[in-house]
Amino acid sequence: MQATDWSSYAAVYDMIQAYNPAYQDLVARFEAEVRGWSLPSGRPIVDVGAGTGVFSLGWARAFPDHPVVHVEPDPGMNAVAARKARAAGLGNVRIAARGVDDADVAPGSAAAVSCVHALYTFPDPPAALARLHAWLAPGGRAFLCDPGRPVDVWEWSRFLAGHLVRTVGPVGAARVFWRGRETWRQNRRIRRAQLDGTYWTHSPEAFRAAVEAADFEVERVETCFRGYSDLVVARRPLGGAGAGRQRPDRRGGTIAAGPTGCMRATR
Ligand SMILES: C[S@@+](CC[C@H](N)C(=O)[O-])C[C@H]1O[C@@H](n2cnc3c(N)ncnc32)[C@H](O)[C@@H]1O
């Protein structure tokens, strides 16, 4: 069974996130972070699991001289992103209707990569991290943010309801909830997939360990999105060894390769 219907989610994703102060805070952190980056001009920037393009279009606005590759397999998400890129006149966004495994990015080519709230849904997050690392040019930068804790749908509903009643009043709040009702359906599916291990959950430490296991050099780790998500800012070192010494498992621990090459889970 497909855990999440991303196309159904795409229809309401931007609307609901526009009213979600935790998501707005994450977007603001992304913009504040990457605007300070000095990237070698002309090299591509790759956003994976790019959804409706909130972050890929953010890259395109911040770095108009770089091609931005929006890697996203879902047609509903891509239709929204393409419409927004056209409306904003952003000619430097290329939509790659692919998953992370078959995205066509030359190894060692990218100036920067990002993956926001998407890695946990991928079939093999450690392999995806290794792929992102391989796409980067030496010294390339990474903005990686992932929900580590299972989404508590009722807790989020109460939080958002309180915020909406304060900002748009009770009638406005009811309207937003009704228009965004697909969000709650998809978030319940996401929660089930997180609890049954289909989707990856992790602590900040395990997320950092996974990023380091893919041979990134971690610059900073933060929690965000009301404590649900872990944010790592990292880079591909200028020189370095091969990836894959320690792989995360899907429930927040890590799987370390022992001296014999056998895998063992740690919590
Ligand atoms: C919650 S959305 C996040 C979208 C966007 N990054 C954001 O934060 O607004 C997760 C996205 O990951 C995409 N996704 C799922 N599996 C994928 C895969 N194997 N490769 C690339 N993207 C994938 C989904 O289609 C969905 O659009």
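Which residues of α7 are buried? They are Thr183, Gln186, Arg189, Ile190, Ala193 and Gln194. Buried means that 20 or more other C-beta atoms, placed from the backbone, lie within 10 Å of the residue's own. Seen down the axis of α7, these residues fall within an arc of 140 degrees, so they line one face of the helix. The arc is taken over the directions from the helix axis to the C-beta atoms.

This is a predicted model: local features need pLDDT of at least 70, side-chain atom pairs count only at pLDDT 80 or more, and totals for chains, interfaces and linings use all residues. Residues are numbered from 1 along each chain as its sequence is written.

Helices are DSSP runs of H or I with at least four residues, strands are E runs of at least two, and both are numbered from the N terminus. Just after α7, Gly197 takes a positive phi of about 85 degrees.

Now to Leu119. It sits in the loop between β4 (110–116) and α5 (125–135). Leu119 is buried, with 25 other C-beta atoms within 10 Å. Leaving out residues up to four places away in sequence, Leu119 touches Gly49, Pro125, Ala128 and Asp146. Contact means C-beta atoms, placed from the backbone, within 7 Å. Leu119 and Gly49 are 70 residues apart along the chain, yet their C-alpha atoms are separated by 7.3 Å.

Note on methods:
Buried ≥ 20, exposed ≤ 12 C-beta atoms within 10 Å, placed from the backbone. Contact = placed C-beta atoms within 7 Å.
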